[in-house]
Amino acid sequence: MLYSELKASEPILKAVERMGFTELTEVQEKAIPVMMAGQDVIAKAPTGTGKTCAFGIPVIERLDKARAVPQAVILAPTRELAQQIAGDLEDLAHYIPEVRIACVYGGANMQKQIDRLKKGCQIVVATPGRLMDHMKHRTIDTSQVATIVLDEADEMLDMGFYKDVRRIIDSMKARKSLSMFSATISREVMDIGWLYQRDAAEIMVQPLEESQPKITQYILRTTGRNKLADLAQIVLSKGYGRVMVFCNTKFTTAILTNQLARLHFEVDCLHGDLSQAERNKIMATFREGKLQMLVATDVAARGIDVDDVDAVVNYDVPPSNEYYTHRIGRTGRAKKEGVSYLLYTEEEQKRVDELLRLTRNADLAIPVHFDGQHDRLIEEKIEKGDKFQVRAYF
């Protein structure tokens, strides 16, 4: 279905055209008409299927544009995702200047957010904790919020926001609709649905072969001693200019970033201890192509939207199948082909086999065995400027 066939207002259709979209994705085609009619939605859809437009268009269309008071609240698990959603909504409302959007999240100046809310808005995009802060201090009026959307609902509830989300929903007495968009339907997601939704339309979207990200997946058995060298070889031998490397802990993230910097790679990291200003600066540098590698933990990387990531490297075996899917989904975006690598040790073989089986990627995960040339590549890198023995850091 084409956007031109959608029963939407002219400003929305113009905005979508400006954004470069012509055809609706499956989740958009199924969710938009239902939400436009005011019905609750529970949608299971993979990452990258256009969920923001699926709920953003009906949310904007149903606003009373003449009243600059919060009428819709969209909750996201992380500040990065909240910022991304707010940016997409601003693009959708490009030709509707009276629509105002406020984005509130933790780790940022509270007073600046208060000042923004005082100026008036119809849509509030928020992380649960910071929204609770504003509600506690009475710096936001939610008495007329009619629409609530939970994006990445499974991740948000798994991160421990279940009670906060319930408090937020309970406090909004004028609520008329609640919609949830999620990659998986966990028990917590179902609980929220049973408690608060009425006759919700259930939407299940399976990735179509033609719309699936084209990601060639490799696995590489290594050792703790050689893992850094193997990572360096992957990047150097393939000539990748923009790589995301995932670690399971902020400690490993910081150590690995330091090791790569000592090899004169242009690298920085994202983890939970960074301030919002620091995270924004690092992401801007990565988007501008000034970093060859960005090392991150899973939570810190949620909501990162960079279309031209050449490769993703799982430096640590991800703790769950969902994490693996989200990690490799950072590459192969915007209809481009991508590649991912999973580094693992002999002790992790059973876990890797299970991971690939459960994510149905066993036929795509191609075992790779390097031929021992990584030492030569590292030495060449050293000759260009590094003055130390690399093996000291393995």
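This is a predicted model: local features need pLDDT of at least 70, side-chain atom pairs count only at pLDDT 80 or more; totals for chains, interfaces and linings use all residues.
A crossing of two helices is called left-handed if the near helix is turned anticlockwise from the far one by less than a right angle, and right-handed if it is turned clockwise. With that in hand, one can say that helix H6 passes helix H7 in a left-handed crossing.

- Seven strands form an open sheet in the order E3-E4-E2-E5-E6-E1-E7, and their pairing is parallel.
- Strand E3 (101–104) and strand E7 (201–204) stand at the edges with a single partner strand each, so one side of each has no neighbour in the sheet.
- From one strand to the next, the twist averages 15°.
- Strand E1, which covers residues 41–44, pairs with E7 in the parallel sense over four bridges, and within this part of the model alanine 43 stands opposite isoleucine 203 of E7.

**Helices on the sheet**

- Helix H2 (residues 26–36) lies across E1, strand E5 (147–151), strand E6 (177–182) and E7, and the direction of H2 runs at about 170° to E7.
- Helix H3 (residues 51–61) also packs on the sheet, where H3 touches strand E2 (72–75), strand E4 (123–126), E5 and E6, while its direction makes about 170° with that of E5.

**The pair H6 and H7**

- In general, two packed helices are described by the angle between their axes and the distance between the axes.
- For helix H6 (residues 128–136) and helix H7 (residues 153–171), the axes come within 9 Å and cross at roughly 30°.
- Angles under 35 degrees count as roughly parallel, and H6 and H7 are therefore roughly parallel to each other.
- On the H6 side, the contact is made by Pro128, Gly129, Leu131, Met132 and Met135, and on the H7 side by Met156, Phe161, Asp164, Val165, Arg167, Ile168 and Ser171.

**Tyrosine 196**

- Tyrosine 196 belongs to helix H8, which covers residues 187–196.
- Buried means a relative accessible area under 20%, and tyrosine 196, with 7%, is therefore buried.
- When residues up to four places away in sequence are not counted, tyrosine 196 touches Asp40, Arg166, Ile169, Asp170, Arg175 and Leu178.
- Tyrosine 196 and isoleucine 169 are 27 residues apart in sequence, and their C-alpha atoms are 8.2 Å apart in space.

Technical notes. Residues are numbered from 1 along each chain as its sequence is written. Side-chain values use heavy atoms; hydrogens and water are left out. Axes are lines fitted to C-alpha atoms, for helices over the stretch in contact, and angles run from 0 to 180 degrees between N-to-C directions. Helices (H or I, at least four residues) and strands (E, at least two) are DSSP runs, numbered from the N terminus. Angles under 35 degrees count as roughly parallel, over 145 as roughly antiparallel, 65 to 115 as roughly perpendicular and the rest as oblique. Contact means heavy atoms within 4.5 Å. Two strands pair if DSSP finds at least two bridges between them. Buried means under 20% relative accessible area, exposed over 50%, partly exposed in between (1.4 Å probe, protein chains only).
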